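The following note concerns the aromatic rings and their contacts. Please read the points alongside the structure.

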Amino acid sequence: MENDIEQARASNMEEDKAISPNNGKDFDVGSASGIEMVTNQKIEREKATDILEKLDSEEKQMSFKRNGSECCIYSVPKPLRNVNGKAYSPLLISIGPLNRQNTRPEAMEKEKLKYFKKLTERVGMDKKKIIDILISIENQEERLRHCYSEKFESIESRDFVEMILLDAVFIIQFLLESKDHDNGPENFEPRMTFDIREDLMLLENQLPFFIIQEIYDQVNPPSQDATAIPFLDLATLHFRKYTFSQGVQTSSSVKGSRHFTDLLRNLMLNGAIQRSYRVYPMKLKYSAVMLRKAGVKFQATQDKCLVNIKFEKGVLKIPQLEVDHSFERLVRNIMALEQCCYPSEAYVCSYIKFMDNLINSAEDVGLLVRKGIILNRLGDDAAVSNIINHFCENIGDSYTCFGDISEKINGHSESRFNRTTATLKLIYFPNIWRGTATIAAAILLILTFIQTIASVKSTF
């Protein structure tokens, strides 16, 4: 396209020298009309060239954003941010260039410098090693920039490299000190530690793992320290509060994680059952309470992979879901990642859509809580219902991997036999006492009927 622009410019110059607007007929270039015609055509061609240059610039920008092999950290799409912007914004610490434009808390920037000072004071860390780390970042600056969906032309190379170094060192030191102290680093209050942990899982608040890994290995060389824990294991340990991350073996999918949000998604999907992903599949038609009235039973499983939902012999088996005050931020950021990076493999989005269809009210949540499927840390069933029912706003519903299960559940619920059987069980045989009373009443009714018939016969 650049060659086309240059050719257009050359063409403009040639035609400006000898332009013939009257099909080759001569005209007086000194006349007012001739000068006006030449001027108008020159302006029109300049406009065309400007448009061509603008399109070329936009095409390059689009090519930059489409660099799928590297791009993995995205700005949250506006439709999702409009639903709940706070879920994607850091509370205390800003990491990476996407949040650089926001006002960074001065106190936390000072903490980054303190952690960097700690790094320089470590045994074996001299000026040469720090310079080597800086050179390594400089050599990979282009690759690092391509990891983000934005271009950041306003951030100069020197500032970009410094930002990456300070942010990476902060993350490494924070994770190491959190590992050694259950309540987090000693220089942070427990509440600050909680907020930083929350901030590190946000999609826009990320650094690529490959650069943190490289700096970590230079700071903690495995060859020199046999006790040094691999960085990926350290990162996984950092999120041990989540049930799905406990006792997880570092599988190939987890090893391929590209940042913290991606790691959390991979931990959540670790051990997931292989499912077919369908376009415009069957949706679940009935809520939990309605399914119970249709004879569907609910069972909480010990499976740590949340998406491993099964429906077998009228029993809906669902892994336990813990809902606490961090739940919404975690899920929203993973869903945003899937919408941007894994649109055809949005398994967490599919899981939330299924739960959204299963839960329509606080009564549905209460049923699932009693069955052990939901562990409600919020203490309010209506709050859980409200959170889950708002997750899928502005999320496309043309793809899901639970279409086959939904179809089976719908079929079971629409069976007249199953509904009649369920009604008998729920109304007349909900427990041993009512069941005994129902049987006794039935026997009494039969005996009364027999006695009536006998009396009629004796009369005749």
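1. Arg-145 lies over the face of Phe-160, 4.3 Å from the ring centre. A charge counts as sitting over a ring if NZ of Lys or CZ of Arg is within 6 Å of the ring centre and within 35 degrees of the ring normal. Arg-143 likewise has its charged end over a ring, that of Phe-210, at 3.7 Å from the centre.

2. The model is predicted: local features need pLDDT of at least 70, side-chain atom pairs count only at pLDDT 80 or more, and totals for chains, interfaces and linings use all residues. Residues are numbered from 1 along each chain as its sequence is written, and side-chain values use heavy atoms, with hydrogens and water left out.

3. Across the whole structure, a search finds 12 aromatic pairs. Rings of Phe, Tyr and Trp (its six-membered ring) pair if their centres lie within 6.5 Å; planes under 30 degrees apart count as stacked, over 60 as edge-to-face and the rest as tilted. Tyr-148 and Phe-152 are edge-to-face because their ring centres are 5.8 Å apart and their planes stand at 80°. Both Tyr-148 and Phe-152 are buried (under 20% relative accessible area, 1.4 Å probe, protein chains only).

4. Phe-239 and Phe-260 form another edge-to-face pair, with 5.8 Å from centre to centre and 70° between the planes. This pair links distant parts of the chain, 21 residues apart: Phe-239 is in the loop between helix 10 (231–238) and helix 11 (252–255), and Phe-260 is in helix 12 (residues 260–268). Helices are DSSP runs (H or I, at least four residues), numbered from the N terminus.

5. The relative accessible area is 3% for Phe-239, which is buried, and 2% for Phe-260, also buried. Ring pairs link Phe-239 and Phe-260 with Phe-209, Tyr-216 and Phe-231 into a cluster.

How values were computed
Buried means under 20% relative accessible area, exposed over 50%, partly exposed in between (1.4 Å probe, protein chains only). Helices (H or I, at least four residues) and strands (E, at least two) are DSSP runs, numbered from the N terminus.
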